[in-house]
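Subject: Handover of a protein structure

Dear colleague,

Please find below the structure that I am handing over to you.

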Amino acid sequence: MRASRVTSTRACFSQYGSITTDKGDGTRSACVPVTYPGDTETWRYTITNSGTLPLDELVSVDVLPHVGDNGVIVGLPRNSEWTPTWANELELVDDGGNSATMAVFYANTYEPCTADLSPLDGDPCPEGAWLPYDDSVDPTQVKSLKTVV
């Protein structure tokens with residue numbers, strides 16, 4: 001699987017050394033997007049099964065930025081200076097024509113259960129660790145998102 005994201009075209013600053021610009025083509029860059037309070041940032045998360053076997057299910061977890069947070073892949077401080085509010089939008093785009101469906105869950109913590117990411121390693125997340133997400137959920141309560149495709 002490969003993940004990439006499109007970063008803001010307004011500004012892009014290096015977090016770990018070198019600066020690369022966002023080309024808007026969906027490639028991952030080594031920079032950090034800068035979003036100012038009141039702005040809206042749109043992210044694209046692309047997953048490709050590059051293995052030799054088909055996937056039955058794909059589970060992903062995303063912890064939203066917050067003051068004092070660390071990177072997910074590189075566990076260094078992200079230097080987030082403010083905490084955004086979830087904009088209440090999540091869309092599945094299936095370019096492969098596979099008629100995939102997506103279930104969305106949320107947690108109101110920045111340290112959510114991630115046991116579901118490694119189902120062969122032990123017990124799944126306990127009941128209630130992730131709650132179903134729908135339009136009735138107050139977006140200010142969303143700190144982490146889990147998708148199951």
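In which strand is the place of Ser 144? Ser 144 belongs to strand β6, which covers residues 144-148; helices (H or I, at least four residues) and strands (E, at least two) are DSSP runs, numbered from the N terminus.

Some conventions apply throughout. This is a predicted model, in which local features need pLDDT of at least 70 and side-chain atom pairs count only at pLDDT 80 or more, while totals for chains, interfaces and linings use all residues. Residues are numbered from 1 along each chain as its sequence is written, and side-chain values use heavy atoms, with hydrogens and water left out.

Confidence

The average pLDDT (the predictor's confidence in each residue, from 0 to 100) of the protein is 75, and 77% of the residues score at least 70. Among the elements, strand β5 (residues 131-132) has the highest mean pLDDT, 96, and strand β1 (residues 12-14) the lowest, 44. The pLDDT is below 50 over residues 1-28, yet this stretch has 72 contacts (heavy atoms within 4.5 Å) in the model beyond near neighbours in sequence.

Ser 144 counts as buried because its relative accessible area is 0%; buried means under 20%, exposed over 50% and partly exposed in between (1.4 Å probe, protein chains only). Leaving aside residues up to four places away in sequence, Ser 144 touches several residues, among them Phe 105, Tyr 106, Pro 112 and Trp 130.

Lys 143 lies in the loop between β5 and β6. A polar atom of its side chain is 2.8 Å from the backbone oxygen of Thr 140. Lys 143 and Tyr 110 are 33 residues apart in sequence, with their C-alpha atoms 5.5 Å apart in space.

The disulfide

One disulfide (a pair of cysteine sulfur atoms within 2.5 Å) is found in the whole structure. The bond joins Cys 113 to Cys 125, with an S to S distance of 2.2 Å. The torsion about this S-S bond is about -100°, so the disulfide is left-handed. Cys 113 is partly exposed, at 22% relative accessibility, whereas Cys 125 is buried, at 13%.

Yours sincerely

Note on methods
Polar contact = N/O pair within 3.5 Å; in protein donor to acceptor, adjacent residues only side chain to side chain.
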